[in-house]
There are 6 protein chains.
Amino acid sequence: MTLVSEFNEYRERMNEVILEKDNLPLKRFFSLDHQMYQEGSIDVKTKELLGLVASMVLRCDDCIKYHLGKAKECGTTTEQIYEVFAIANMVGGSICIPHTRRAAEYWEILVKE
Amino acid sequence: MTLVSEFNEYRERMNEVILEKDNLPLKRFFSLDHQMYQEGSIDVKTKELLGLVASMVLRCDDCIKYHLGKAKECGTTTEQIYEVFAIANMVGGSICIPHTRRAAEYWEILVKE
Amino acid sequence: MTLVSEFNEYRERMNEVILEKDNLPLKRFFSLDHQMYQEGSIDVKTKELLGLVASMVLRCDDCIKYHLGKAKECGTTTEQIYEVFAIANMVGGSICIPHTRRAAEYWEILVKE
Amino acid sequence: MTLVSEFNEYRERMNEVILEKDNLPLKRFFSLDHQMYQEGSIDVKTKELLGLVASMVLRCDDCIKYHLGKAKECGTTTEQIYEVFAIANMVGGSICIPHTRRAAEYWEILVKE
Amino acid sequence: MTLVSEFNEYRERMNEVILEKDNLPLKRFFSLDHQMYQEGSIDVKTKELLGLVASMVLRCDDCIKYHLGKAKECGTTTEQIYEVFAIANMVGGSICIPHTRRAAEYWEILVKE
Amino acid sequence: MTLVSEFNEYRERMNEVILEKDNLPLKRFFSLDHQMYQEGSIDVKTKELLGLVASMVLRCDDCIKYHLGKAKECGTTTEQIYEVFAIANMVGGSICIPHTRRAAEYWEILVKE
C-alpha cells in the first residue's frame with residue numbers, strides 16, 4: 001500500500017466514524033468544506049492551489065496531501081506545484097521545509113501513479 | 001499495546017528523563033500544568049474540556065489524547081466530546097479535521113476499554 | 001463610546017458589508033458559527049467558555065471580546081473568567097499574557113455596565 | 001489620509017529603517033519575498049491570491065492589506081476576493097472572521113480609489 | 001508619551017488588575033515567567049534574545065517590545081538585534097515582516113532614549 | 001539505524017528531490033536558511049540556540065532535531081539545552097511539552113553518540 005492509498009483509506013474510515021455520530025453542526029462543517037472548492041468566479045484548480053498553500057503555511061501534512069491529490073486530478077504540473085511550495089515557504093518560513101519534504105515525497109508518488 | 005497504553009508509557013518515560021535533569025523552572029512549569037485543572041469555581045470536568053478544545057485548535061495530538069483520557073475519567077459522554085470537536089473545528093478551521101480523525105480513533109478505544 | 005460599544009458597532013457594520021456580497025459558502029460559514037454555540041448536551045455557558053479559551057490560545061482579541069460579552073450574558077463570574085484565563089495562559093504560553101491584559105480591561109468594562 | 005496611504009507610507013518608511021542597517025541575509029530575505037510573486041508557470045494574479053490566502057489563514061493584517069493592493073492592481077474582482085476570503089475562513093476557522101472584517105473594510109477603499 | 005512609556009504604563013496597570021484577582025495558578029504563571037530569564041548556565045542577555053526570537057516567530061508585538069527593552073538594558077547592539085530579526089524572519093517567514101517593522105520602530109526609540 | 005541517522009538520511013534525500021526541480025526562488029530560500037546561522041556579531045552557538053527556541057515554540061519536531069544536532073556540534077551542554085527548553089515551554093505553553101519529550105529523547109541519543 002502506498003502513502004497515497006494509506007492516507008485515503010484512513011481518511012475515509014475515520015470520516016465515517018465521525019459522521020455516524022450525527023453531530024449536525026460538525027456534519028455541516030464537513031459539507032461546507034467541500035462546497036468551498038466548487039467552481040465559482042475562481043476555477044477549481046486555482047482553488048485547490050489556494051487550499052494547498054493555506055495548508056502548507058498552517059503546516060497540516062494531511063491537508064497538504066489531500067490538496068496535492070486534488071491538484072494532480074486538476075492537471076497541475078510539477079513546476080506549478082513547486083511555485084506553490086516556494087510561496088508557502090516564503091510566507092510561512094523555514095519551519096515549512098520539513099512539510100515541503102513530506103509533500104515532495106507524496107507528489108513523487110502521485111506523479112508516478 | 002493499544003494507542004492509549006503506548007501514549008501513556010512514552011509520556012511517563014520521557015517525563016522522567018526531563019524531570020531528572022533538575023531544571024527548576026521547567027519542573028515548576030510541569031507542576032503548574034497540573035494545578036490549572038484542579039477543582040475551582042469551574043469544575044474539573046469542564047476544565048478538562050477547556051484543555052481539550054485548546055489543544056485541538058492548537059493542533060497538538062498528544063495534548064488532545066491526554067485531555068480525552070481525563071475527560072473520559074470525568075464521565076464525559078461521546079455526544080459531549082463531539083460538541084467540543086465541533087466547536088474546535090469551527091474556531092480552528094478545517095486544518096483541525098485530521099486531528100479530529102485521530103482524536104475520534106483514540107476516543108473509540110477509550111470508550112471500549 | 002466604550003470599548004464594548006465600539007467593538008459591537010464595527011463588528012455589525014462590517015458583517016453587513018461582508019454578507020451583502022452574497023458569497024453563499026461564506027454566509028453559511030457565518031451561520032454555522034452561531035449554531036455551534038447553541039444548547040446541546042453541553043450547556044450554552046460552557047460552550048461560550050470553550051469559545052473563549054480557544055480564542056485566547058489562538059490569540060484573537062476580537063474573538064476574545066465577543067466570547068467575554070456572551071459569557072457575561074450567561075452569568076459567568078469574574079472568578080470563573082480568570083480560571084479560563086489561567087488555563088489559556090498555561091496551554092498557550094506567555095505570549096497569551098498581552099491578550100489577557102486586553103481581555104482583563106474589556107471584562108472590567110463589561111462588569112461595570 | 002486613507003487606510004491605504006497610511007499603510008503604504010508606514011511600510012515604506014520602516015522598510016528603509018530596516019534595510020539601511022545593512023544586514024545582508026535580511027536584505028536578501030526582503031528581496032526574495034518579491035521574487036516569489038514574479039510571473040512563472042503560475043501567473044502573477046494567481047500568485048497574489050496565493051499570498052492573500054496564506055496571509056489570511058496566518059492572520060497577518062498588514063500582509064493581507066499588501067496582497068489586497070496587489071490583487072486589485074491585477075484586476076481581481078470583488079467576487080473573486082470573497083471566494084478567497086471564504087476558503088481562508090474555512091481552512092483557518094472563525095478566528096479569521098475579524099481579519100476578514102478588516103480586509104473587507106480595506107477592499108471597499110481600494111475599490112473606490 | 002513615547003511608545004515605550006505607553007507600553008510600560010499599560011502593562012503595569014493591567015498586570016495589577018489581573019494579579020489583584022488572586023487566581024493563584026495565574027499568579028504563579030506570571031512569577032515563573034520572570035524566573036525563566038534569570039542567570040543560569042545561559043547568561044541573561046542570551047536568554048533575552050531567546051525570548052525575543054520566540055516572541056517574534058509567534059508574532060506577539062507586546063512580547064517583542066518587552067524583550068527589546070530588556071535586551072537594550074543588557075547592552076545588546078543594533079547589529080545583534082538585527083541578526084535576531086533576520087533569524088526570526090527566516091524561521092517564521094514573511095508574515096514576520098510587519099512585526100519586524102514595528103520592532104524596528106520601537107528599537108529606534110529605545111536607542112535614542 | 002538511530003533516530004539521528006534516520007532523520008539525516010531522509011532530510012538529505014528529500015532535499016535532493018526538492019532542489020533538482022530547479023525552482024530558483026526556493027533554492028535561494030534554502031541557501032538563505034544556511035546563511036542566517038553564520039558567525040556574525042552573534043556567535044554560531046547562540047544562533048543555533050535561537051533557531052532551536054524558535055523551532056520549539058513553533059512546534060516543528062524536525063527543525064528541533066536539526067538545531068539540536070547543530071547545538072551539540074557547537075558544544076552546548078545538557079544544562080544549557082534544558083534552559084532553552086524551559087524558555088520555549090514558558091513562551092509557547094504546555095502544548096510544547098510533547099515536543100519537549102521528543103526533543104529530550106533525541107538529545108539523549110546525541111549525547112551518547
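**Exercise 1. A serine in chain B**

Task: Which residues does S55(B) touch, not counting residues up to four places away in sequence? Is S55(B) buried or exposed?

Solution. 
Step 1. List the partners. S55(B) touches C60(B), C63(B), I64(B) and H67(B), once residues up to four places away in sequence are left out.
Step 2. S55(B) lies in helix 3 of chain B, which covers residues 44-57. The model is a predicted one.
Step 3. Check the accessibility. The relative accessible area of S55(B) is 1%. Buried means under 20%. S55(B) is therefore buried.
Step 4. Compare sequence and space. S55(B) and R102(B) are 47 residues apart in sequence. From C-alpha to C-alpha, S55(B) and R102(B) are 13 Å apart in space.

**Exercise 2. The largest nonpolar core**

Task: How many residues does the largest nonpolar core have, and which of them have the most contacts inside it?

Solution. 
Step 1. In soluble globular proteins, nonpolar side chains tend to be buried together.
Step 2. Give the count. The largest nonpolar core in this model has 257 residues.
Step 3. Name the residues with the most contacts inside this core. They are L68(A), L68(B), L68(C), L68(D), L68(E) and L68(F).
Step 4. Look at one of them in detail. Set aside the neighbours of L68(F) within four places in sequence. L68(F) is then in contact with L52(F), I81(F), F85(F), A103(F), Y106(F), W107(F) and L110(F).

**Exercise 3. Chain A against chain D**

Task: What area do chain A and chain D bury between them? Which helix supplies the largest share of the side of chain A that touches chain D?

Solution. 
Step 1. Count the residues. Chain A brings 25 residues to the contact, and chain D brings 25 residues.
Step 2. Give the area. Chain A and chain D bury about 2500 Å² between them, and 77% of it is on carbon and sulfur atoms.
Step 3. Turn to the polar side. Two salt bridges are counted between chain A and chain D. A salt bridge joins the side chains of E83(A) and K47(D), at 3.0 Å from N to O. The count of residue pairs in polar contact is eight.
Step 4. Find the elements. On the chain A side, helix 2 (24-35), helix 3 (44-57) and helix 5 (78-92) each supply at least two residues. Helix 5 of chain A gives the largest share, nine residues.
Step 5. Sort that side by type. Of the chain A residues that touch chain D, 16 are nonpolar, five polar and four charged.
Step 6. Take one residue from helix 5 of chain A: Q80(A). At 12% relative accessibility, Q80(A) counts as buried. Beyond its neighbours within four places in sequence, Q80(A) contacts K45(A), G75(A), S41(D) and I42(D).

**Exercise 4. Chain D against chain C**

Task: Which three residues supply 37% of the area that chain D buries against chain C? Which helix of chain D gives the most to the side that touches chain C?

Solution. 
Step 1. Count the residues. The contact takes 19 residues from chain D and 17 residues from chain C.
Step 2. Give the area. Chain D and chain C bury about 1700 Å², and carbon and sulfur atoms give 69% of it. Y82(D), I95(D) and R101(D) supply 37% of the area that chain D buries against chain C, more than any other three residues.
Step 3. Count the polar links. There are two salt bridges between chain D and chain C. In a salt bridge, the side chains of K21(C) and E108(D) meet at 3.0 Å, N to O.
Step 4. Name the elements. Helix 5 (78-92) and helix 6 (97-112) of chain D give two or more residues to the side that touches chain C. Helix 6 of chain D gives the most, with eight residues.
Step 5. Sort by type. The side of chain D that touches chain C has eight nonpolar, five polar and six charged residues.

Technical notes: Residues are numbered from 1 along each chain as its sequence is written. Chains are lettered from A and ligands numbered from 1 in the order in which they are written. This is a predicted model: local features need pLDDT of at least 70, side-chain atom pairs count only at pLDDT 80 or more; totals for chains, interfaces and linings use all residues. Side-chain values use heavy atoms; hydrogens and water are left out. A nonpolar core is a set of buried Ala, Val, Leu, Ile, Met, Phe, Trp, Tyr and Cys residues joined through side-chain atoms within 4.5 Å. Buried means under 20% relative accessible area, exposed over 50%, partly exposed in between (1.4 Å probe, protein chains only). Contact means heavy atoms within 4.5 Å. Buried area is the accessible area (1.4 Å probe) that two parts lose on being put together, summed over both. A salt bridge is a side-chain nitrogen of Lys or Arg within 4 Å of a carboxyl oxygen of Asp or Glu. A polar contact is a pair of N or O atoms within 3.5 Å; within protein, one must be able to donate a hydrogen and the other to accept it, and residues adjacent in sequence count only if both atoms are side-chain atoms. Helices (H or I, at least four residues) and strands (E, at least two) are DSSP runs, numbered from the N terminus. Ala, Val, Leu, Ile, Met, Phe, Trp, Tyr, Cys and Pro count as nonpolar, Asp, Glu, Lys and Arg as charged, and the others, Gly among them, as polar.
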